Amino acid sequence: MPGIKTRKLHIQRAIFGGVILAVASLLPIAAMAQDAAAPAAKPLTFLGTVQTLSGNTLTVKSDAGATMQVTVEENARLLRIEPGQKTLAGASPFSLADLQAGDRVMARGSAGADGNSLAATMLVAIKGADIAQKQEQDRADWQKNGTGGLVKAVDPAAGTVTISSGVGGSRTLVIHVTPTTIIRRYAPGSVRFDQAIKSSLDQIKPGDQLRARGSRSDDGAALEAQEIVSGSFRNLAGPIQAVNAAASTITVNDTATKKPVVISVTPDSEVKKLDPAVAQRLAARMNGGGASGAAGSAGRRPDGSQAPPAGSSQGPGSGGPPSGAPGADRPGGGQGRGSGFDVQQLLARSPSVALKDLSKGNMVIVVATEGQAPDTATAITVVAGVEPMLQASTSASQAMLSSAWNLGGGGGGEGGGEAP
């Protein structure tokens, strides 16, 4: 009988071994089937500015502040595009050795397990120098062909926006919107032009502040817009109650509401201080006087140099843009035509000051975005040294300076284009 038991044991072992072999042979097939059923990992795209470079590894920082270690694969596709270019149709190959800190890149590839690294199989770049050049061109174009003011009326059916500017809204301009007009609107809580989001004509409302650039009509009363940016902002004026340099805030007692407003001043905010002579000159204008109505050195620029007489064609004291610029020598052509000065240029030439240079009791005019609460706001432009103007007319002062609100560099971003 032992022989029978031994044979049974051998049979059981053989059967068990066969099962193991069969299962083992099926494991690779099952794994392959599982891999085939699993969806392929979606490529990751990361957009930002190059911070450091070492060989084929880049440290890239996004606009939101996140960083990514990007390793460029050996056979990665490297393409360079111009600022404002929206497709890769005109892209050209470039060498990784040509990349520098400050360049904008869009890296696409496989994300690392740590979530902070990326193996890029494609890298699209815009050179930082090209971005700076494009921004400078846009700034010049906004200065030369731009205008701004408060929205009085919007007619979506006719495709027009009517704005007012000057002292007491004394000048009006009809902005014509075409199918090719780029329309943007400031993002909520943002004062940066390059963060302005795509918008439409029906989003523009009376009371909004608006800037547009384009071609003026011969009579200077209309403008066919290439680009429009608008936003709903607050105009505040009054004495400073407190300055908190550590928190980057000032508290202003708004003369309109008689209530304090805590205003955040960000790196994107513009803080200016008018020269006393300029402030006196503007106050004289609001009182109906000419340039000679301001006492003493009112005819001097903020830098102390002598400004040209009112009505001449030179500099910020002129009634319009420089000779040859759109609107020159045409009625209503310039930002300051009819009022003897260009507020925007005067403000641009006024010195910038730090928050610590402001003190309790200083009178300021502020253009700001709405805050999360009625008693808070984020500054776009803060203008100090405005005591003479506010004594003449608070509302006229606000209207005058609100048309000169900061565009954050005019062209912003990558020259108005999309990615990188």
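Partly exposed describes a residue whose relative accessible area falls between the limits for buried (under 20%) and exposed (over 50%), using a 1.4 Å probe and protein chains only. By that rule Asp 357 is partly exposed, with a relative accessible area of 38%.

This is a predicted model, in which local features need pLDDT of at least 70 and side-chain atom pairs count only at pLDDT 80 or more, while totals for chains, interfaces and linings use all residues. Residues are numbered from 1 along each chain as its sequence is written, and side-chain values use heavy atoms, with hydrogens and water left out.

**Salt bridges**

A salt bridge is a side-chain nitrogen of Lys or Arg within 4 Å of a carboxyl oxygen of Asp or Glu. The count by this rule is ten salt bridges.

| Pair | Closest N to O distance |
|---|---|
| Lys 134 and Asp 138 | 3.6 Å |

Helices (H or I, at least four residues) and strands (E, at least two) are DSSP runs, numbered from the N terminus. Lys 134 and Asp 138 are four residues apart in helix 2 (residues 128-145), so about one helical turn separates them. Lys 134 is partly exposed at 24% relative accessibility, whereas Asp 138 is buried at 4%.

Arg 184 is buried, with a relative accessible area of 12%, and Glu 227 is buried at 5%.

These two pairs belong to a network of salt bridges that links Lys 134, Asp 138, Asp 141, Arg 184, Arg 213 and Glu 227.

In the remaining pair of the table, Lys 356 is exposed, with a relative accessible area of 64%.

**Thr 181**

Thr 181 sits in the loop between strand 9 (171-176) and strand 10 (182-185). Thr 181 is buried, with a relative accessible area of 10%.

A polar contact is a pair of N or O atoms within 3.5 Å; within protein, one must be able to donate a hydrogen and the other to accept it, and residues adjacent in sequence count only if both atoms are side-chain atoms. A polar atom of the Thr 181 side chain lies 2.9 Å from the backbone nitrogen of Thr 178. A polar atom of that side chain also lies 2.7 Å from the backbone oxygen of Ala 225.

Contact means heavy atoms within 4.5 Å. Leaving aside residues up to four places away in sequence, Thr 181 touches His 176, Ala 225, Gln 226, Glu 227 and Ile 228.
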